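Please read these points with the model open beside you. They cover helix packing and the ligand site.

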Amino acid sequence: MTLLTAEALTKKYNGTTAVKNVHFSLEFGKCIALIGPNGAGKTTTLRILAGLLKPSSGKVTFTGQPGNADIRSFIGYLPQYPVFPGWMTAKEFLIFSGELALLDKKAARQKAEDLAEKVGIADALNKRIASYSGGMKQRLGIAQAMIHSPKLLMLDEPVSSLDPIGRREILTLLEELKQDMTILFSTHILNDAEEVSDELLLLNHGEIIEAGAITALRKKYQTSIIELEFQSSPEAFIQEIRKLPSVSTTFAERNVLKITAEDIALARADILQLAATKQWPLTSFQLNRASLEDMFMKAVKN
Ligand code: ATP
């Protein structure tokens, strides 16, 4: 069942178009990663969904609500750089947040304790936030974003500022939370997205360039590729390889050139012949399987 639909979202800041005609829908109960390199438009998209930013055009509809409804109460949002009052205890902060979300004091206290348990900070609930580690602050931020029991939890780069231990803790927490609610989180790391999410929305230069279930995308991009390793940069040979009719695409990464082809056997024969005739300084020639990672790297380098 569809939870939320974004239609033709565009956001322009003076001369910059941060988000261009973006369409997507989020399914109830899924964990979706909004993935893209720096500046792709992830934060802008999340802020529009959270109701913190007005799109220049387009709309966001929450299923069951009229098109122009205020949907903020359905959404919990943790910004990329949350600011906490370090002098408060986590409990005071969560109760205060609960009261801002119109819970009465008793309900806010109960909710603070329940959420602290859920996100794993119950033992430190009475400690001042200033004493919290980065990972604990992220847990607290997630608890705060859930204080009004939203249907959709959105997290902007929840692990990017954490060390490997904090990162692991938060990814594990997301794994647990996704059993209970729909989660949309942004990241620029494909591994993190693959680890916890069911679906990907790949954003580049403000546009969605690929979307779908991770399993379907893995299948789609798992084609055979030829990997040529050269003694130095392959730049000088790329043009000649591209001229071969059997070659579909090329993608260079340091000294390695990755090549896709519809007929991989024909491309292999053509390339081997060319390499032998021209005596290219090859150090290896391999036939491999391309991965989602290759697709992602290629997409974001374009
Ligand atoms: P990052 O991973 O670096 O946070 P992002 O994918 O979240 O990047 P956005 O922060 O949404 O990307 O930015 C998208 C584009 O919009 C960038 O080119 C950015 O410079 C521009 N931009 C964002 N906010 C503003 C603003 N307030 N005024 C002008 N331009 C902005």
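1. Basis. This is a predicted model, in which local features need pLDDT of at least 70 and side-chain atom pairs count only at pLDDT 80 or more, while totals for chains, interfaces and linings use all residues. Residues are numbered from 1 along each chain as its sequence is written, and side-chain values use heavy atoms, with hydrogens and water left out.

2. Ligand surroundings. The ligand is surrounded by 13 residues. Gly 39, Gly 41, Lys 42, Thr 43 and Thr 44 are the closest.

3. A polar contact is a pair of N or O atoms within 3.5 Å. Gly 41 places a backbone N or O atom 2.9 Å from a ligand oxygen. Lys 42 uses a polar side-chain atom, 2.9 Å from an oxygen atom of the ligand. For Thr 43, a side-chain N or O atom is 2.8 Å from a ligand oxygen.

4. α2 with α4. Helices are DSSP runs (H or I, at least four residues), numbered from the N terminus. Helix α2 spans residues 90-100 and helix α4 residues 134-145. They pack at about 25°, with axes 10 Å apart. Axes are lines fitted to C-alpha atoms over the stretch in contact, and angles run from 0 to 180 degrees between N-to-C directions. That angle makes α2 roughly parallel to α4 (angles under 35 degrees count as such). From α2, Ala 90, Phe 93, Leu 94 and Ser 97 meet Leu 140, Ala 143 and Gln 144 of α4. Contact means heavy atoms within 4.5 Å. The α2 and α4 contact has five nonpolar, two polar and no charged residues. Nonpolar means Ala, Val, Leu, Ile, Met, Phe, Trp, Tyr, Cys and Pro; charged means Asp, Glu, Lys and Arg; the others, Gly among them, are polar.

5. α2 with α3. Helix α3 covers residues 105-119. Its axis and that of α2 come within 8 Å and cross at roughly 130°. Lys 91, Leu 94, Ile 95, Gly 98 and Glu 99 in α2 touch Lys 105, Ala 108, Arg 109, Ala 112 and Glu 113 in α3. By class, the α2 and α3 contact has four nonpolar, one polar and five charged residues.

6. α4 with α5. Helix α5 runs over residues 164-177. α4 and α5 pack at about 25°, axes 10 Å apart, and are therefore roughly parallel. Gly 135, Gln 138, Arg 139 and Ile 142 of α4 meet Glu 169, Ile 170, Leu 173 and Leu 177 of α5. Four nonpolar, two polar and two charged residues make up the α4 and α5 contact.

Terms used. Helices (H or I, at least four residues) and strands (E, at least two) are DSSP runs, numbered from the N terminus. Angles under 35 degrees count as roughly parallel, over 145 as roughly antiparallel, 65 to 115 as roughly perpendicular and the rest as oblique. A residue is near a molecule or strand if one of its heavy atoms lies within 4 Å of it. A polar contact is a pair of N or O atoms within 3.5 Å; within protein, one must be able to donate a hydrogen and the other to accept it, and residues adjacent in sequence count only if both atoms are side-chain atoms.
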